[in-house]
Amino acid sequence: MKSLVISAHPEPKSFNARLSSTAQRLLRERGHEVRGTDLYALDFDPRERGSHYHYRRDPDRFFVQDEQRFNHDGGSLPADVARQLDDLLWADLLVLQFPLWWFGVPAILKGWMDRVFVYGGMYSSRRRFDNGVCRGKRVLLSVTAGSSAEDCSPTGREGDTRLILWPILYSLHYVGFDVLEPVILYGIHGAHGGEDPRERDAHLAVQLSRFEQAMTTIDRLPTVPFNRDEDWDERGQLKPEAPSYSPFIRHAPPF
Ligand SMILES: Cc1cc2nc3c(=O)[nH]c(=O)nc-3n(C[C@H](O)[C@H](O)[C@H](O)COP(=O)(O)O)c2cc1C
């Protein structure tokens with residue numbers, strides 16, 4: 001099994017960095033061949049833009065998907081993207097490690113997706129969802145949130161964090177991954193939390209062991225259910241008899 005752990009956190013001494021190194025160690029102990037990518041250490045540029053491309057199909061106007069496909073097909077993708085894409089296609093299992101920032105993924109990770117999920121290489125109108133390029137590969141999101149589990153629950157003040165992750169989960173499904181149920185660790189904050197350092201360390205130790213438990217049982221983690229290709233009619237609408245797995249795609253809008 002080949003595993004790739006991608007980490008999106010600026011601080012090498014952070015809890016996220018610890019989770020990332022723990023994931024790599026535990027996967028190696030399970031016999032996986034592991035590659036680790038620290039997007040900040042690489043100074044990965046998350047901004048997709050024309051100047052990344054030496055060769056342009058249209059030098060006058062930057063059409064992102066056109067240039068991605070043109071450069072993918074011509075073997076002239078930007079070197080940093082080509083390396084990331086190689087790693088991605090090499091791996092059977094992808095772990096994305098990141099803190100929840102403003103109810104979403106940090107910009108560096110969002111930009112990694114914008115640039116590395118290359119049109120023509122990672123997806124096209126014919127190669128997506130059940131027929132996606134990453135079919136047969138698994139992905140796990142490992143997320144830390146500063147807020148408590150209660151605040152991040154469906155009735156909590158921060159909103160339903162599991163639901164907030166839907167756009168990234170769906171993007172990964174779009175390119176064909178089997179998406180594992182995310183591991184979300186709550187109440188993770190630095191010194192600003194104002195707690196007693198011993199209480200904070202005890203809380204982090206409990207969360208770390210939750211994470212270790214998830215990593216050591218990764219082959220038994222449930223997958224997130226999504227509609228299959230046959231659940232859509234010719235207008236791209238969910239068929240009446242098809243199941244609905246999320247408020248994002250539903251039969252009758254509740255509000
Ligand atoms: C820019 C920024 C935005 C944040 N937004 C959220 C948020 O939307 N929800 C939340 O629960 N925590 C939020 N936090 C707290 C982080 O999730 C928390 O600091 C992080 O998970 C702790 O992990 P670390 O110790 O490895 O940095 C935010 C922190 C920063 C710096």
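## Secondary structure

Helices, of type H or I with at least four residues, and strands, of type E with at least two, are DSSP runs numbered from the N terminus. By this assignment, the protein chain of this predicted model contains seven helices and six strands. Their order along the sequence is β-α-β-α-α-β-α-β-α-α-β-β-α.

## Overall dimensions and contacts

Along the principal axes, the C-alpha atoms occupy a box of roughly 60 × 45 × 35 Å.

Of the 255 residues in the protein chain, 31% are buried. When contacts between residues at least 6 apart in sequence are considered, 71% of them link residues at least 24 apart.

## The largest nonpolar core

In soluble globular proteins, nonpolar side chains tend to be buried together. The largest nonpolar core here comprises 54 residues, and the members that touch the most others are Leu 94, Leu 96, Leu 109 and Val 139. Strand β3, spanning residues 93–99, makes the greatest contribution to this core, with five residues.

With residues up to four places away in sequence left out, Leu 109 touches Ala 8, Leu 39, Leu 96 and Phe 98.

Pro 167 lies in helix α6, which covers residues 166–174. Because the limit for an exposed residue is 12 or fewer other C-beta atoms within 10 Å, Pro 167, with 12 such atoms, is classed as exposed. Pro 167 and Gly 104 are separated by 63 residues in sequence, while their C-alpha atoms are 9.0 Å apart in space.

Note on methods
Residues are numbered from 1 along each chain as its sequence is written. This is a predicted model: local features need pLDDT of at least 70, side-chain atom pairs count only at pLDDT 80 or more; totals for chains, interfaces and linings use all residues. A nonpolar core is a set of buried Ala, Val, Leu, Ile, Met, Phe, Trp, Tyr and Cys residues joined through C-beta atoms within 7 Å. A residue is buried if 20 or more other C-beta atoms lie within 10 Å of its own, exposed if 12 or fewer, and partly exposed in between; C-beta atoms are placed from the backbone. Two residues are in contact if their C-beta atoms, placed from the backbone, lie within 7 Å.
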